[in-house]
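Let's walk through this chain, from its fold to its core. Have a look at the sequence and model first.

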Amino acid sequence: MSVVVLDGSTVRAFVADEAAFARSVDARFAALDANGDGVLSRAELRRALESFRLLDGAGFGSARPAPLPAEVAALYDAVFEQFDADHSGAVDRAEFRDEMRRIMLAVAEGLGSQPLQVAVDDEGGSFLLEAAEHEAAAIAAKLDAERKAEAAAAAADAAE
């Protein structure tokens, strides 16, 4: 586990960087495509969703019962249908990327503008961790460019 500090602008900037976001999403897609056929089946996407362990039970100390298997299956089917935009029965890379973009922008909206500390899984490619790393790299590049500009200005002043 890692802890990152981020807000909605961190996630939006990551999604806006088409190349970085596509690399991240495409890597996740490839990892989920267990049989390597270039599309995600209902079973492959379900395994990914199950790995989030969101429906394992009602949670520590909760009086709510765990959802019934039929309710869980209906939820997974609804999520699959959301990803499978063309209703072909499989999720291709473009559909996966488009839906992940929508999800990440919704997460950004939910995060708002107040920085939050978020615990993220640093194994398995957390999109939030990648967004925070993307922001850190952009800040580092900006600071490096500013230092180089200051050094060049100082060198120019010294040469005069």
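Helices (H or I, at least four residues) and strands (E, at least two) are DSSP runs, numbered from the N terminus. Read that way, the chain runs β-α-α-β-α-α-β-α-β-α, with six helices and four strands in total. Keep in mind that this is a predicted model: local features need pLDDT of at least 70, side-chain atom pairs count only at pLDDT 80 or more, and totals for chains, interfaces and linings use all residues. Residues are numbered from 1 along each chain as its sequence is written, and side-chain values use heavy atoms, leaving out hydrogens and water.

Now for the overall build. The C-alpha atoms fill a box of roughly 80 × 40 × 25 Å along the principal axes. As for burial (under 20% relative accessible area, 1.4 Å probe, protein chains only), 29% of the 160 residues qualify. Contacts are heavy atoms within 4.5 Å; among those between residues at least 6 apart in sequence, 69% join residues at least 24 apart.

On to the core, a set of buried Ala, Val, Leu, Ile, Met, Phe, Trp, Tyr and Cys residues joined through side-chain atoms within 4.5 Å. The largest one has 31 residues, and Val11 and Phe96 touch the most other members.

Leaving aside residues up to four places away in sequence, Val11 touches Met104, Ala108, Leu111, Leu128 and Ala131.

Definitions and conventions: Buried < 20%, exposed > 50% of the residue type's maximum accessible area, 1.4 Å probe, protein only.
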